[in-house]
Amino acid sequence: MTHYLSISEIQKDLREKRITCVELVNYFLTRIKELKHLNAFLDVYEEEAISHAKKSDEKIKNGQMGRLTGLVMGLKDVICYKNHPVQASSKILNGFHSIYNATAVERLLNEDVNIIGRLNCDEFAMGASNENSAFGHVHNFVDETRVSGGSSGGSAVAVQANLCHAALGSDTGGSVRQPASFCGIVGLKPTYSRISRYGLIAYASSFDIIGTLTKSVEDAALLLEIMAGKDEYDSTVSSSEVQQYSKEILPAKKYKIAYIKDYLENPAINFSIRRETENFISLLKDRKHTIEGVDFPFLDYMVPTYYLLTTAEASANLARYDGLRYGQRAEGIHELENLYKKSRTEGFGEEVKRRIMLGTFVLSEGFQDAYFTKAQKVRRVIKDKTMEILADYDFILTPTTPSTAFKLGEHTQDPVQMYLQDIFTVQASLAGIPAVSFPFGKDDDNLPIGLQLMGREFCEGDLLNLVNQFVNCP
Amino acid sequence: MAPVITESTVDKLAHLARLSFEGESKQKIIKDLNNILGFVEKLNELDTEGVPALTHISSEINNLREDKVIQNITREDALKNAPKKDSFYFRVPKVIGE
């Protein structure tokens with residue numbers, strides 16, 4: 001089987017009858033079985049995927065191909081797919097089956113996407129290593145003793161190990177970009193509100209956005225084009241025009257890019273990542289883009305701001321899991337308040353409980369102004385200062401992460417160390433702007449390095465145009 | 001200075017969040033919360049006097065739609081995932097006093 005980099009390559013071979021959808025699905029099903037120990041999939045919809053592929057092959061024969069016919073995709077376990085299980089990798093949603101499709105999923109299905117299964121992630125998307133899942137951690141395919149990154153760890157490894165062609169993830173503070181970087185693939189976090197959040201299990205509603213994990217920029221562009229845009233079921237989704245991103249990525253344009261000097265001088269950043277960032281800066285110059293260093297002295301404030309706001313929002317969003325209407329209910333309790341407490345205490349994992357507690361604290365009487373409101377003010381400062389740079393430059397370049405994929409268990413003892421994984425990714429989340437992580441170089445252990453570009457709201461067309469000039473996934 | 005999270009703060013927060021922490025898990029959450037609050041203390045270095053809080057990220061304002069009744073989820077579907085149900089209802093423990 002050819003190792004396809006893009007949906008257009010697959011569709012070309014389908015049209016020219018070099019391959020069938022059934023063959024493609026069988027190939028992925030075999031790989032999923034062979035590499036089951038990576039723990040990327042929570043469920044595989046084998047029979048459905050084969051029967052879908054048969055129908056797709058009929059459509060091809062009749063000349064009725066959808067834009068995604070032949071695309072075999074996995075969904076992060078926070079995205080609703082009607083009549084299929086979804087549980088945010090949490091025990092509290094044991095046995096839950098979605099009764100509707102997320103808008104993003106509905107739009108992909110309308111173009112004949114074939115959904116092959118649901119993918120492991122950190123519980124309620126809270127984590128940076130996929131070690132907070134009730135179903136266990138995911139192994140990085142490059143080095144199985146290392147983490148996948150998170151929270152969309154299963155999505156990233158599924159694409160990295162070619163268990164499916166592309167995957168959906170969700171990004172609240174870096175959950176698509178960081179695992180994409182650890183796995184050497186392309187991770188796109190669109191502008192906040194670009195894609196409807198209907199059917200995306202909520203973590204922090206003013207940050208959450210569905211994103212893509214793909215082998216090519218072209219695929220990220222096509223998937224975004226299909227999923228983005230107005231939706232009756234999400235009042236926050238943007239009504240601004242959806243660009244034809246798949247056309248916007250060509251022909252290659254010249255851009256003006258800023259890199260943040262303090263980030264590269266930060267002692268926490270791994271030597272190889274600094275080296276590759278510098279190499280990329282030289283490459284941009286060679287290719288006649290403009291690249292200049294700027295100051296941005298707010299790095300140390302980003303992660304604290306992010307954690308105060310997201311935990312507050314999470315404590316409210318996760319209040320709905322009470323064991324009454326759906327999910328897991330504690331046994332043998334005959335009093336309502338204790339039933340809530342026992343069901344939630346048994347159902348949620350340690351990190352989720354920690355974040356609910358922190359969020360409850362920052363919203364509690366006497367502390368709300370000092371913590372929650374303060375963080376909302378700092379969020380404005382960070383957003384405004386970021387937009388000041390983007391008034392003069394098209395994009396901001398940073399590394400995606402301070403280190404490459406770390407060892408399983410390396411950071412599980414200290415939550416703050418784990419939170420610092422997000423140091424470069426939370427800026428775009430706080431500002432609500434789009435960002436993409438793309439593979440660029442390797443470290444001395446041959447682990448992939450990811451670089452990140454951020455741009456102005458709704459500039460995904462240009463953002464992907466630039467990245468497309470440099471990405472060649474293996 | 002960051003406020004110190006004590007056992008009684010954790011008890012109060014846990015009740016508000018409808019969670020419970022006992023023994024070792026209680027000691028761990030006290031330590032973690034104090035650690036995290038020490039870490040976020042950093043924000044106080046930044047002068048935000050006069051900065052309005054950023055509360056909405058989407059630029060959509062008053063995105064209204066027509067107030068039409070649409071049946072998109074049936075009662076049967078809505079009850080499908082209930083751990084305990086009784087014909088048309090979710091079953092919960094008795095909530096009215098004896």
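Residues are numbered from 1 along each chain as its sequence is written, while chains are lettered from A and ligands numbered from 1 in the order in which they are written. Because the model is predicted, local features need pLDDT of at least 70 and side-chain atom pairs count only at pLDDT 80 or more, whereas totals for chains, interfaces and linings use all residues; side-chain values use heavy atoms, with hydrogens and water left out.

Buried in H3(A) are A:Ala49, A:His52, A:Ala53, A:Ser56, A:Asp57 and A:Ile60 (buried means under 20% relative accessible area, exposed over 50%, and partly exposed in between, with a 1.4 Å probe and protein chains only). These residues cover an arc of only 145° around the axis, which puts them on the same side of H3(A); the arc is that of the directions from the helix axis to the C-beta atoms. An α-helix has 3.6 residues a turn, so residues three or four places apart point the same way. On the other side of H3(A), A:Glu47, A:Lys54, A:Lys55 and A:Lys61 are exposed. Helix H1 (7-15), helix H2 (21-34) and strand E3 (114-119) of chain A are among the elements covering the buried residues. After H3(A) comes A:Gly63, with a positive phi near 65°.

Twelve of its 13 residues are buried, so H13(A) is largely enclosed by the rest of the structure. The buried residues pack against H11, H12 (336-347), H14 (368-392) and H15 (415-419) of chain A, together with H1 (7-16) and H2 (23-40) of chain B; contact means heavy atoms within 4.5 Å. The axes of H11(A) (residues 299-317) and H13(A) (residues 350-362) come within 7 Å and cross at roughly 100°. That makes the two helices roughly perpendicular (65 to 115 degrees; under 35 is roughly parallel, over 145 roughly antiparallel and the rest oblique). Axes here are lines fitted to C-alpha atoms, for helices over the stretch in contact, with angles from 0 to 180 degrees between N-to-C directions. H11(A) contributes A:Tyr307, A:Leu308, A:Thr311, A:Ala312 and A:Ser315, and H13(A) contributes residues including A:Arg355, A:Ile356 and A:Leu358.

Ahead of H1 in chain A sits A:Ser6, which counts as buried at 3% relative accessibility. Leaving aside residues up to four places away in sequence, A:Ser6 touches A:His165, A:Ser216, A:Glu218 and A:Asp219.

Some backbone sites also deserve a look. Cis peptide bonds join A:Gly150 to A:Ser151, with omega about 10°, and A:Leu250 to A:Pro251, with omega about -5°. A:Asn446, a residue other than glycine, has a positive phi near 65° and is partly exposed at 49% relative accessibility. In chain B, B:Asn62 is not a glycine either, yet its phi is positive at about 40°; B:Asn62 lies in the loop between H2 and H3 and is exposed, with a relative accessible area of 65%.

Conventions: Helices (H or I, at least four residues) and strands (E, at least two) are DSSP runs, numbered from the N terminus.
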